[in-house]
Amino acid sequence: MAIVDGRIVMPALPEGRVLPVVTVPADVLSTPCVDVDPTDPAVVQLAADLLATQRVSPGCVGLAANQVGVGWRVFSLDVSAHPKSRVTHGEYVLVNARIESSSRHEKSREGCMSVPDFTGDLKRASRIAVRGLLPGTGEEVLVETDAFEARALQHELDHLDGFVFLDRVVGPHAVFARKTYL
Amino acid sequence: MTQSLAVTVLGHDRPGIIADVTGVLAELGGNLEDSSMTLLRGHFAWTLVAEVSVEAAVVAERLAHLTAEGLVVSVLPVSGPEAPGVGGSAWLLSVHGADRPGIVSGLTGLVAAAGGNITDLTTRLGSGLYVLVAEVELPDDVDVDALSERIGVAAERLGVRATFVPADTDVL
């Protein structure tokens, strides 16, 4: 059972390493990531590394593999402490995840560890269903969520498709100098 | 007899510049119309169009205290009717990549060559990262797929990432 009481139950992972986060215009951030075997020990280690890096990065709620320089379709997420969250599924990593459905687009402002100088206004779905695999077991999970977790999932999946938020800002007056570093 | 004046104010930012300028216009019975203000590399930059019933020289004289503190102020009559635009459809060009000369000219040149008109533009320079976002009006007879392809080729040559998509307008 991969989801218990609304939380994704993660398989045991090895100890994670904190990795440096790459920033635009690095090529790896503009290149679509490739599907990988979720049971591959290297993928399991990457899952642990993403979580370790995310935990020590202030304000970071998610991290895509290509943000640490790895072109694999893997990301980590944990929005449970964020005030804009409603539904949350705890701290987790998904492999080969894709959006199944999305609706109710809303505009909001986003920043990104890989785009340290700017923030931007984007429209994203506030209801979303994402299907992916857990690292280690390869068990399939369907994450149905809303609000901030939905936005964060789309942000990470965009990274894995080779996009950053600058590719999706709503207009010329939707890019801002980043004033605070979370 | 009223006339439209274009007023630009540029220079070292401080609190109160907008209040100063609009205060002068209000005292002269002017009406502030379209305006756009931002900070460019930390410098105050404001362009506005106002309808006034006095000569441009009178407005300039009343804004002279701003010039005295080091701001660059210009007050010029705006002549002729508003441009009609090229009509057609609205598009959004988003570009980001390592800073280098020629990004803006290389991409906007393609838009201009296709008969497109840029109606809104922001460029920003971060630490080595250049960002451009523009709204583009394209006449109906433009081959958008061909223009998109040319933009993609030019972006690759410039080493930047470009997306060219329909401007998202929700009319409620």
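## Basis

The model is predicted: local features need pLDDT of at least 70, side-chain atom pairs count only at pLDDT 80 or more, and totals for chains, interfaces and linings use all residues. Residues are numbered from 1 along each chain as its sequence is written, while chains are lettered from A and ligands numbered from 1 in the order in which they are written.

## Contact between the chains

In chain A, 15 residues are in contact with 19 residues of chain B; contact requires that the C-beta atoms of two residues, placed from the backbone, lie within 7 Å. On the side of chain A that touches chain B, strand β6 (residues 115–133) of chain A gives the most, with 3 residues. Helices (H or I, at least four residues) and strands (E, at least two) are DSSP runs, numbered from the N terminus.

By class, this side of chain A has 9 nonpolar, 3 polar and 3 charged residues. Here Ala, Val, Leu, Ile, Met, Phe, Trp, Tyr, Cys and Pro count as nonpolar, Asp, Glu, Lys and Arg as charged, and the others, Gly among them, as polar.

## A sheet in chain B

Chain B has an open sheet of 4 strands in the order β6-β7-β5-β8, with antiparallel pairing; strands pair if DSSP finds at least two bridges between them. β6 (117–125) and β8 (160–166) of chain B each have a single partner strand and stand at the edges, so one side of each lacks a neighbour in the sheet. Neighbouring strands are turned by 10° against each other on average, direction ignored.

Between β6(B) and strand β7 (residues 129–138) of chain B, the antiparallel pairing runs over 8 bridges. B:R124 has B:V131 in β7(B) as its bridge partner.

## Helices on the sheet

Helix α4 (residues 103–113) of chain B lies across β5 (89–98), β6, β7 and β8 of chain B and runs at about 15° to β7(B). Axes are lines fitted to C-alpha atoms, for helices over the stretch in contact, and angles run from 0 to 180 degrees between N-to-C directions. Helix α5 (residues 144–158) of chain B also packs on the sheet, touching β5, β7 and β8 of chain B, and its direction makes about 165° with that of β8(B).

## Backbone features of chain A

Most residues other than glycine have a negative phi, and most peptide bonds are trans. The bond from A:V24 to A:P25 is cis, with omega near 5°; A:P25 is in the loop between β2 (7–8) and α1 (41–56) of chain A.

A:R104, in strand β5 (residues 92–112) of chain A, has a positive phi near 60°. A:A147, in helix α2 (residues 147–160) of chain A, has a positive phi of about 50°. A:R104 counts as exposed because it has 12 C-beta neighbours inside 10 Å, whereas A:A147 is buried, with 20 other C-beta atoms within 10 Å. The cut-offs within 10 Å are 20 or more other C-beta atoms for buried and 12 or fewer for exposed, with partly exposed in between; C-beta atoms are placed from the backbone.
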